[in-house]
Amino acid sequence: MYFIRGAQEKDISGIVAIEDLSFPVPWPDFLFRANLDNPGFIVYEEEKKIIGYAILGVFMENAHLLSIAVHPAHRRHRVGSLLLQKCINIAHYHGYESMTLEVREKNVEGQIFYQAHGFKEKEIISGYYLDDNAVRMQCKI
């Protein structure tokens, strides 16, 4: 059985572990702690273990997916899809009509994932990441 719920202080170590396994330049733990009051900071929990997380924010009057990650052992089991759909539901509840995100230009698999959920490429942002450009994507919700 799984739960998607708001992130809590006790979840930070599990979130950071997933972050470290997921990104070449991971966020430090203080950025996650700074988002604990954010109602768009959610975790996917299964058998009392954090399997994935997502953080939703606001950017230029749009809901904005700041980060999403799933533990590598649980990828391709719909965890990311469930987290993304929950973020879309939260954004819709708060009255947003669209959601944006950035994904590494080299992360073609990630772009395909977002396209499968209705996101379309909006623009390329040169030098967004230390080692890559970003593809900004947007979805009407």
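Predicted model: local features only at pLDDT ≥ 70, side-chain atom pairs only at ≥ 80, totals over all residues.
A residue counts as buried when its relative accessible area is under 20%, and as exposed when that value is over 50%.

What does R5 form with D11? The two residues make a salt bridge, in which the closest N and O atoms are 2.8 Å apart, and both R5 and D11 are buried. R5 also meets the side chain of E45 in a salt bridge, again with a distance of 2.8 Å from N to O. This second pair links distant parts of the chain, since R5 belongs to strand β1 and E45 to strand β2, 40 residues apart. E45 has a relative accessible area of 13%, so by the cut-off of 20% E45 is buried too. Taken together, R5, D11 and E45 are linked in a network of salt bridges.

In what order do the 7 strands of the open sheet stand? The order is β1-β2-β3-β4-β5-β7-β6, and the pairing is mixed. Strand β1, residues 2-6, and strand β6, residues 120-129, stand at the edges with a single partner strand each, and therefore one side of each is left without a neighbour in the sheet. From one strand to the next, the twist averages 25°. As a general point, the strands of a sheet pair through backbone hydrogen bonds, and they may do so in a parallel or an antiparallel way. Strands β2 (residues 41-46) and β3 (residues 49-59) run antiparallel and are joined by 6 bridges, and here E46 stands opposite K49 in β3.

Helices pack against this sheet as well. Helix α3, residues 79-93, touches β1, β2, β3, β4 and β5, and its direction makes about 160° with that of β4. Helix α4, residues 108-116, lies across β4, β5 and β7, and runs at about 165° to β5.

Notes: Residues numbered from 1 in each chain as written. Heavy atoms only, no water. Pairing = 2+ DSSP bridges. Helix = DSSP H or I, 4+ residues; strand = E, 2+ residues; numbered from the N terminus. Axes fitted to C-alpha atoms, helices over the stretch in contact; angles between N-to-C directions. Contact = heavy atoms within 4.5 Å. Salt bridge = Lys/Arg side-chain N within 4 Å of Asp/Glu carboxyl O. Buried < 20%, exposed > 50% of the residue type's maximum accessible area, 1.4 Å probe, protein only.
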